[in-house]
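Please read this briefing alongside the sequence and the structure shown below. It begins with one residue and then moves on to the whole chain and to a few selected places.

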Amino acid sequence: MNSVLVASNRGPVSFTVSDDGELTMKRGGGGLVSGLSGVAKGDGVLWVCAALADGDRSAVRMAPGGRIDHAGYDTGPLRMLDIPPAVFHRAYNAVANSTLWFVNHLLYDIPNAPNFGTKFEREWESYRDYNGAFALALAEEAGHGARVMVQDYHLTLTPAMLRAERPDLRIAHFSHTPWAPPEYFSLLPDDVAREVLEGILGADHAGFLTDRWAQAFMDCCVALLGAEADRVGRSVTHEGRTTRIGVHSLGVDGAALWERACEPDVESHMAALREQVGDRRLIVRIDRTELSKNIVRGLVAYREFLAAHPEWHGRVVHLAFAYPSRHDLPEYREYTASVQRSAQEIEDEYATEDWDPLILNVNDDYPRSLAAYRLADVLLVNPIRDGMNLVAKEGPVLSPRCALVLSREAGAAAELGPHALVVNPYDVSGTAAALHQALVMPEDERRARRDRLHAAATALPPQKWLAAQLDALA
């Protein structure tokens, strides 16, 4: 039996099926996987995740009990759950990504959405079933008194469900997203809002990336549950149980990131990018085409910068890597199209025979992203709202002279803000001015800021981040 278990929707690896039926494994995507992969591999540690696509389901059906004990990528054993596709779709797309994500990132077009009716009631039931499948698997796999680390908004109900099954376990829940204030969180139906909050309060320890998000969660518990919150000691007491509230900023493992970024595939991408852009300055962004990432406003800001500073024409290139995200949802398909339209407008207006002002790539390529980090003169991270944003931390680790233009609404701004050029993500003109300031920044200031960003980004690597939460459950 396992003494430490990590539960998340997405696992450390994914599988695809070729035309001839052969399974191929690759590294899982997303910031959570990047943060946890290096630490969830010790003796007695099991990672429990969902099978996301047909390749994953094929791998699960070939593995006894869904246990894949040598998954690769140095992650240790995992158990994949083959949740019925219709249940998974409703839980993942309709509730987790179209409801809870929208609430905590304040993304709703309020005059038109949300609308909670009988369709949503069915979707919410699937979300319950999905969480229940995780709770059952964790209960089966955990040794007596084991510590269980439940991750993110996909699994808000799991802690309370698991406690009902296994009261001997020590349970933590960690939210990698922001948390909405009560007046916005209460857009959810009253019973759903209570169920989410009480689900997380089923944990012994509820963790957040910044104090701002932790305080918002406590505000919701007080306003919507009538719970008692200890702001100084950081705890919430509800119906006789007390859940400790922790703030655990997630940084990067600088040594491991550098080791990966120096491998031949990354070097090859660096050479190709350098040949493509020459000795021009590089403004880099690396994001998923996620509504909260604010890619379109970033492109509009770059266009405004080019209009205001013709002296930079031919001397700068914007590398915008915008990888597809959640294309099952129409809002995301339209947003990706908007990104592509904005990019084309820049090309149409400014491109010349010997200068492409913008290189947009929408194909996910981790080695190429690492190459772009290493070459960056400026890193643009301008989300509308973000739990942390590891891109803001990875860039200054890999680039020796990176100036960071950072949204004040990114969780990372709490640590990196003093050393970055902080912008209001809605202020396109302000972002354009910050891009110019970053490009003309004196070299000694640029390198001094980068060194301080590097120190802050690596202060709490994933090992320390996970150890602090495990210690809280001791």
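## Briefing on the chain

Glutamate 239 counts as exposed, because its relative accessibility is 66%, where buried means under 20% relative accessible area, exposed over 50%, and partly exposed in between, with a 1.4 Å probe and protein chains only. The model is predicted, and local features need pLDDT of at least 70, side-chain atom pairs count only at pLDDT 80 or more, and totals for chains, interfaces and linings use all residues. Residues are numbered from 1 along each chain as its sequence is written, and side-chain values use heavy atoms, with hydrogens and water left out.

**The chain as a whole**

- The secondary structure of the chain comes to 18 helices and 18 strands, where helices (H or I, at least four residues) and strands (E, at least two) are DSSP runs numbered from the N terminus.
- The radius of gyration of the chain is 22 Å, which agrees with the value near 23 Å that a compact globule of 474 residues would have; this radius is taken over C-alpha atoms, and the globule rule is 2.2 Å times the number of residues to the power 0.38.
- Along its principal axes, the C-alpha trace of the chain spans about 65 × 50 × 45 Å.
- Of the 474 residues in the chain, 58% count as buried.
- The accessible surface of the chain comes to about 18,600 Å², and 51% of it belongs to carbon and sulfur atoms; such areas come from the Shrake-Rupley method with a 1.4 Å probe, and for residues only the protein chains shown count as cover.
- When contacts in the chain between residues at least 6 apart in sequence are considered, 75% join residues at least 24 apart, a contact being heavy atoms within 4.5 Å.

**Backbone features in loops**

- Glutamate 239 is found in the loop between β11 (235-238) and β12 (241-247), and its phi is near 50 degrees, a positive value in a residue other than glycine.
- Asparagine 294 has a phi near 70 degrees, again a positive value in a residue other than glycine, and its place is in the loop between β13 (281-288) and α11 (295-308).
- Asparagine 294 counts as buried, because its relative accessibility is 1%.
- A cis peptide bond, with omega about 10 degrees, joins alanine 113 and proline 114, and proline 114 is found in the loop between α3 (85-104) and α4 (118-141).

**Helix α14 and proline 396**

- Helix α14 (residues 391-398) is mostly covered, with 8 of its 8 residues buried.
- Proline 396 has its place in helix α14 and is buried, with a relative accessible area of 1%.
- Leaving out residues up to four places away in sequence, proline 396 touches Leu379, Val391, Cys402, Arg450, Leu453 and His454.
- The C-alpha atoms of proline 396 and leucine 257 are separated by 11 Å, although the two residues are 139 residues apart along the chain.

**Other residues in helices and strands**

- Arginine 57 is found in helix α2 (residues 54-62) and counts as buried at 7% relative accessibility.
- Not counting residues up to four places away in sequence, arginine 57 touches Ala51, Leu52, Asp82, Ile83, Pro85 and Phe88.
- Glutamate 195 lies in helix α7 (residues 190-201), and, leaving aside its neighbours within four places in sequence, glutamate 195 is in contact with Trp124, Arg128 and Leu157.
- Alanine 146 is found in strand β7 (residues 142-151) and counts as buried at 2% relative accessibility.
- Alanine 146 and leucine 5 are 141 residues apart in sequence and 7.6 Å apart in space, C-alpha to C-alpha.
- Leaving aside its neighbours within four places in sequence, alanine 146 is in contact with Asn2, Ser3, Leu5, Leu169 and Arg170.

**Cysteines**

- The count comes to 0 disulfides, a disulfide being a pair of cysteine sulfur atoms within 2.5 Å.
- The sulfur of cysteine 262 is too far for a bond, because the closest cysteine sulfur, in cysteine 402, is 16 Å away.
- Cysteine 262 is partly exposed, with a relative accessible area of 39%, whereas cysteine 49 is buried, with a relative accessible area of 0%.
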